[in-house]
Amino acid sequence: MQEETARSAIDTFISAFNASDDSYVTALLSQALTSDVVFWGPLGRSEGIAAVERFMLDIRRHPAGTGTMVRCSAVDMPDEWARYQWVFTTPDGGPRLAGTDVVHLRRSLIDQVIVFAGEIEPFAS
């Protein structure tokens, strides 16, 4: 049950990246995130749905064209934390980025997002 709730919030969050129009992004984020969400992204820490929306709209305006974000793994959820892997691909074989997000849930909504973009380099032996 808990993983199903997390999966629903995560999939709604990801669907905001893929909304058919920018005007739908806020509504989708409001269904997935708490109003005081803390977002740890590639550009640092930000707070609130408006900050996440600005980040997301910037991604949607990628120079290579509007990309597609998909969850490409199961949701792994020990207690109130969950993680999943994602892939962002731009049109026509353009740039592709993969990563892992770790999210914290409070009352069925995501209140923290930590974005790990890119691959981790193997441990040098």
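Which strands does α1 lie across, and at about what angle does α1 run to β3? In this predicted model, local features need pLDDT of at least 70 and side-chain atom pairs count only at pLDDT 80 or more, while totals for chains, interfaces and linings use all residues. Residues are numbered from 1 along each chain as its sequence is written, and side-chain values use heavy atoms, with hydrogens and water left out.

Helix α1 lies across β1, β3, β4, β5 and β6, and runs at about 170° to β3. Angles run from 0 to 180 degrees between N-to-C directions of lines fitted to C-alpha atoms, for helices over the stretch in contact. Contact means heavy atoms within 4.5 Å. Helices (H or I, at least four residues) and strands (E, at least two) are DSSP runs, numbered from the N terminus. Helix α3 lies across β1, β2 and β4, at about 50° to β1.

The 6 strands form an open sheet with mixed pairing, in the order β2-β1-β6-β5-β4-β3. Pairing requires at least two DSSP bridges between two strands. The edge strands, β2 (44–47) and β3 (68–71), each pair on one side only. Strands β3 and β4 run antiparallel and are joined by 4 bridges. Val-70 stands opposite Val-87 in β4.

The largest nonpolar core has 32 residues. Such a core is a set of buried Ala, Val, Leu, Ile, Met, Phe, Trp, Tyr and Cys residues joined through side-chain atoms within 4.5 Å; buried means under 20% relative accessible area (1.4 Å probe, protein chains only). Its largest share, 7 residues, comes from α1. Phe-13, Leu-29, Leu-33 and Ile-110 have the most contacts inside this core. Beyond four places in sequence, Leu-33 is in contact with Phe-13, Ile-49, Val-52, Leu-109 and Ile-110.

Technical notes
Buried < 20%, exposed > 50% of the residue type's maximum accessible area, 1.4 Å probe, protein only.
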